[in-house]
Amino acid sequence: MDNKLLRDILNKYKAEEITEDECLKSLATLPYKDLGYAKIDNHREIRTGYPEVIFCQNKKPEHIKGIVKSILNSGGENVLLTRLTKDIFKEIEKEIENIEYFEDAKIAVANRVFRQFSNSKIAIIAAGTSDYPVAEEAAITAEVLGNKVIRLYDVGVAGIHRLFSKIDIIHEAKVIICVAGMEGALLSVVGGIAKAPVIGVPTSVGYGANFGGLSALLAMLNSCASGSSVVNIDNGFGAAYLASMINRIGE
C-alpha cells in the first residue's frame, strides 16, 4: 500500500463514496496482513519509500504466489522477487499476470511500473564474467528501484587497463557497486580512483582458497581505500538497495 492508495481510501470516505465500516475494513490490513505463513508489510513503502521485497529462496511456490497476490491486491507496484529459480517462476507465472523474469539475476518483477526517482547514476562494476549473475542482481534491483544504471563488466585487475579506460564513465556515477570474487582486489583499485562512495560485493567465485567468497570478503573489509564499504557475499540485492538510498539523497 503506497500513499496514493491510502489517500484514495480516505478521499472516498470523505466524499461519502464508502462507509465508515468499509473504510476501516480497507485500513485493517495496516500495518500488515497475516497470511499464516507470512505477514505482509503493506505500508513499508509509506515508511521507507520502497515496497516489500520477496526473498524466494527456500519458500514454497504456493507461498510465493500467495505473498505476491496479497501485495498486488493491496495496490503494490514493482513487486521484486529475489533468488527465484526459473522452475519456480514457471509455476507462479501461471497465476500471476504481468510478471517478468531475469534469469541471470534470478529476479522477477510483478506489475512493473517504470519510474526514475533520480537523475544521478549508479555504476555496477564487475571484475569478471563469472561475477555477472551477482552484478545483474544488483543492476536489475537498482533499475526497478528507479535508478539510472551504468554497467561495466569484465574489467578486473588481471587486465587493469580495461578499467582505466573507463575512468570518465566511473566519474559520472554518484554511487558505485564493485562486484568481485577471487581475491576481491578490484574494490581497492576502484576506491582509489573514484570520487563516489564504493560498495563492495564479494562473490563466491574462485578456487579453493577463496573459501566460497570469504577471502574476497576479508580482503574488501581490509581495503585501504577510503570511502568504501562491503555487503555480504553474493549480496547484489543488498548493495543495490543501499546504493539506491544513497543515490536518492537530495533528489
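Strand S5 (residues 99–102) and strand S6 run antiparallel and are joined by four bridges; strands are taken as paired if DSSP finds at least two bridges between them. Helices (H or I, at least four residues) and strands (E, at least two) are DSSP runs, numbered from the N terminus. The model is a predicted one, in which local features need pLDDT of at least 70 and side-chain atom pairs count only at pLDDT 80 or more, whereas totals for chains, interfaces and linings use all residues. Residues are numbered from 1 along each chain as its sequence is written, and side-chain values use heavy atoms, with hydrogens and water left out.

Buried means under 20% relative accessible area, exposed over 50%, and partly exposed in between (1.4 Å probe, protein chains only).

A further set of five strands forms an open sheet with parallel pairing, in the order S8-S7-S9-S10-S11. Strand S8 (148–152) and strand S11 (228–230) stand at the edges with a single partner strand each, so one side of each is left without a neighbour in the sheet. Neighbouring strands of this sheet are turned by 20 degrees against each other on average, direction ignored. Axes are lines fitted to C-alpha atoms, for helices over the stretch in contact, and angles run from 0 to 180 degrees between N-to-C directions. Strand S7 (residues 121–126) and strand S9 (residues 173–180) run parallel and are joined by six bridges, and Ile125 has Cys178 in S9 as its bridge partner.

Two helices pack on this sheet. Helix H6 (residues 132–144) touches S7, S8, S9 and strand S10 (198–202), and its direction makes about 165 degrees with that of S8. Helix H11 (residues 236–247) touches S7, S9 and S10, with its direction at about 170 degrees to that of S9. Contact means heavy atoms within 4.5 Å.

Two loop residues were also examined. Thr129 lies in the loop between S7 and H6 and is exposed, with a relative accessible area of 58%. Thr129 and Ile71 are 58 residues apart in sequence, and their C-alpha atoms are 35 Å apart in space. Lys195 lies in the loop between helix H9 (186–193) and S10; Lys195 is exposed as well, with a relative accessible area of 67%. The C-alpha atoms of Lys195 and Ala185, ten residues apart along the chain, are separated by 18 Å.

For the chain as a whole, the secondary structure comes to eleven helices and eleven strands. The C-alpha trace spans about 65 × 40 × 25 Å along its principal axes. Of the 251 residues, 45% count as buried. Among contacts with a separation of 6 or more, 65% are accounted for by residues 24 or more positions apart.
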